Amino acid sequence: MTELEAGRAERLAPVRSGAALQRYRDVLIALIAFAVLASLPLFTGSKALLDFVIRCSAYGLFATSLNLLVGYTGLTSFGHGMFFGLGAYSFGLIMQKLGVPIPVAFVATLAITAAVAAVIGAICVRLKEIYFAFVTLAFQMLIHSTILSWASFTGGDQGLRGGIPRPAFLGINLANHVHLYIASCALLVLGLLAMRQIAQSPFGYTLRMIRDNAARASFLGIDVWRAKLTVFVLAALFASMGGMVMALFVSGAYPEFAYWTISGEGIFINMLGGVSTFLGPMVGTVLLLLLNDTVTRFTEYHGIVLGVVILFFALGLRKGLLDFVAEWFAQRRDAGEGR
Amino acid sequence: MTKTRTPGISRRSTLALMGAGAMSVAAPWVARAQAKTIKIGMPTILSGRVAQLGTSSRNAVMLEVEKVNAAGGLAGRQIEMVIRDSKGQPQEAARVARELVNTDGCELLLDGEASSGSFAVHEVARDLGVLCIHTCSEASSLTADPKQHIPNAFRCVRQGIHDSIVGGSYAASIAKAKGLKKWATCSPDYAYGRDTTGEFTLYLKRFAPDVEVISESWPKLFQPDYTEVVTKILQAKPQALYSCLWGGDLTSYIDQANIYAMFSQMEVFAVNMADYTALTVVKNLPKGIHSGNRYIKTFPTTPENAAWGDAYRAKYNEYPTNWSWQNATAVMFLAEAAKKANSADGKKLAEVLKGLTIKCPFGADGTVTMRGDDHTLVGYAIGWGTTIPQEPYVPEVKAGDWKTIFELEAEWKKSKGYT
């Protein structure tokens, strides 16, 4: 063993044994984050702040799930918004037509999403790069057009009307603003924790290997197609959860939820926040929504402002905000070690 | 080089700091002094493809609010409008509406959203219980469907079903007079296009039973090229064509169909033609296109209506749109209701608004009514006429008969299972 190899082995050993420790740390962080978010209504009466967090939950779940594809697997999907829309519509329709308890509708929606994602994924993940991007976009437009033309079932371009019934279950009444807020926070934290576990698991590292060199992964005996399909379905499930939170927030579902612009926003959020860190998309979500909410208060020319911001990130920082911060810390640490 | 500035806090910044301090101490007092004003929130579409309509809604509201404020305000309270862009996205419309009420302290809402956005704002009104007047959504189900009904929401907008009844009976009378039996339709492929065309042909056939639709075309919404649609219609050789294309779609369609001289080969009925946004944009407006009135200052033919159109034009240097008169009417309703209730409280206003009839330049007989049982606008000027290529564009409009509208509307509601 050379000195260099010995040094690496030393570094790797604690990483492996520390995997369980890191999991505990993640759970602890999630618990603290949830406690902080859930106690927010005790300190502030601002409904707008609670609304903001609910929307952050919806978009945050969606954008982070997109990052499982873009950042971790190298699959740039332009059609991820279809699952956001699918979640909102399935959940809304089940609640309106069947009147089942909310948890049943929730699980049924996830099952529907998984089935649809498996079929679409099986076709798409064989393709690479631009072909994958465009075929996912095509499927998104297919779902969007179906929603528009199947007016008797989906309400067409006017969306699901009449409100989504929200009967109380287990003492939770989602028609109550604070209850809805806490439920959204819980879904966000649980969703992020689950995605974090996926990203840090051996499967997550397999995805990174596929991203970096798919041929090599294949030669090592990994079934690349199956791994890609699995992550495609998993990401769809979390996007669908985001859609359900949004459907509950607006008490309806609208074709815009399944339009390509939602996918575009997801990509934009990932560019803003950064794709190389797990929380990058979450930071991007908060940034985008903050920007959107403040800029639209003052001007209707928000497109120009958002355009300038994205130019700044793309040309100025050349990466997302959290990527930039992480890199800056790494450089400082390296400089410190070198001293 | 001499240095004129000394380090530390300059006199200017000290003054600025003191000023800011004084402001922050005084702010609550200033706010209290203004508490007499009433804030009205309005989400509408100010960017994107239909921004022109949203802007014209804002213009009309501000024109009327100025008048109300000059006359003493809403039950003695000056109106302050808070108008925000929703980009035409329902989730944004819902967010903006909630923010207007929860954060900005708006006590009333004017909903300047079209189609899906209006249903999203409707849910916000249901949730927050705030008085909401829809001012732009023509979807009949918004008020006709009892599932949508809430005591605090009203609709001050023309309605698809009313247009179809009047259009159908007008077209039938022309069809009988000129012997137009073979018809074609060409409408945008989404719920509004499909529903409106379906209802129009239903009433056309009811009044003129021997009419036959021999060709249907459904171009995509915002389609740039209509060549295949135009040639398909020309090949079918119909005697008349119905279309509910609107805005930019209608104007590009007419410009492209002009190349094939389509308008000399058949009678054209385009319900959304008589709106200044379409009339003034078409390059060569053909003579004799039949159209429903959207907003036109020659109909109703009253000095009040003409004066209103001119005042709007003088202020904003453009003609009002269909959305303009609807938004203006909503403010007129609020002003009159506040006078009657002697209050600007949402609940009291809602009580008075039910069944309220007001004087209005856009009324068929000089008045319009907020019908009590389904909270929707009736009695507005509605009619059809034919175009000429220059002002006044639609010189004569044949008014629709509200008695027939009411009868057929009741029948339609029954057929839909609404009553």
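Student: Where is the place of Ser169(B)?
Tutor: In helix H6 of chain B. A helix here is a DSSP run of H or I with at least four residues, a strand is a run of E with at least two, and both are numbered from the N terminus.

Student: What kind of model is this, and how are its parts labelled?
Tutor: It is a predicted model, in which local features need pLDDT of at least 70, side-chain atom pairs count only at pLDDT 80 or more, and totals for chains, interfaces and linings use all residues. Residues are numbered from 1 along each chain as its sequence is written, while chains are lettered from A and ligands numbered from 1 in the order in which they are written.

Student: Why is Ser169(B) called buried?
Tutor: A residue is buried if 20 or more other C-beta atoms, placed from the backbone, lie within 10 Å of its own, exposed if 12 or fewer, and partly exposed in between. Ser169(B) has 21, so it is buried.

Student: Which residues is Ser169(B) in contact with, leaving aside neighbours within four places in sequence?
Tutor: Tyr203(B), Phe207(B) and Thr404(B). Contact means that the C-beta atoms of two residues, placed from the backbone, lie within 7 Å.

Student: What makes H6(B) oblique to H14(B)?
Tutor: Their axes come within 10 Å and cross at roughly 120°. Axes are lines fitted to C-alpha atoms, for helices over the stretch in contact, and angles run from 0 to 180 degrees between N-to-C directions. Under 35 degrees counts as roughly parallel, over 145 as roughly antiparallel, 65 to 115 as roughly perpendicular and the rest as oblique. The angle therefore makes H6(B) oblique to H14(B).

Student: Which residues make that contact?
Tutor: H6(B) brings Ile161(B), His162(B), Ile165(B), Val166(B) and Ser169(B). H14(B) brings Thr404(B), Ile405(B), Leu408(B), Glu409(B) and Trp412(B). By class there are six nonpolar, three polar and one charged. Nonpolar covers Ala, Val, Leu, Ile, Met, Phe, Trp, Tyr, Cys and Pro; charged covers Asp, Glu, Lys and Arg; the others, Gly among them, are polar.

Student: Why are H2(B) and H12(B) called roughly parallel?
Tutor: Helix H2 (residues 51-70) and helix H12 (residues 322-341) of chain B pack at about 30°, with axes 8 Å apart. That angle falls under the cut-off for the term, so the two helices are roughly parallel. Their crossing is right-handed. In a right-handed crossing the near helix is turned clockwise from the far one by less than a right angle, and in a left-handed one anticlockwise. The residues of this contact divide into twelve nonpolar, five polar and one charged.

Student: What makes Pro209(B) exposed?
Tutor: Pro209(B) has 8 other C-beta atoms within 10 Å, so it counts as exposed. Its place is the loop between helix H7 (191-207) and strand S7 (212-217) of chain B.

Student: Why is Tyr393(B) called buried?
Tutor: Tyr393(B) has 23 other C-beta atoms within 10 Å, so it is buried. Tyr393(B) lies in the loop between S15 and S16 of chain B. Its phi is near 65°, a positive value in a residue other than glycine. Pro392(B) is in the loop between strand S15 (383-386) and strand S16 (397-399). A cis peptide bond joins Glu391(B) and Pro392(B), with omega about 0°.

Student: Leu170(A) also has a positive phi, so is this residue buried or exposed?
Tutor: Exposed, because Leu170(A) has 8 other C-beta atoms within 10 Å. Its phi is about 50°. The residue lies in the loop between helix H6 (151-154) and helix H7 (177-200) of chain A.

Student: How many residues does each chain give to the contact of chains A and B?
Tutor: Chain B gives 26 and chain A gives 25. On the side of chain B, strand S2 (79-85), helix H3 (90-102) and helix H4 (115-128) give two or more residues each.

Student: What are the confidence values for the model and for chain B?
Tutor: The model scores ipTM 0.78 and pTM 0.82. Chain B has a mean pLDDT of 87, and 92% of its residues reach 70 or more. pLDDT is the predictor's confidence in each residue, from 0 to 100. Residues 23-34 of chain B stay under 50, with zero contacts beyond four places in sequence. Where pLDDT is low, the predicted coordinates should not be read in detail.
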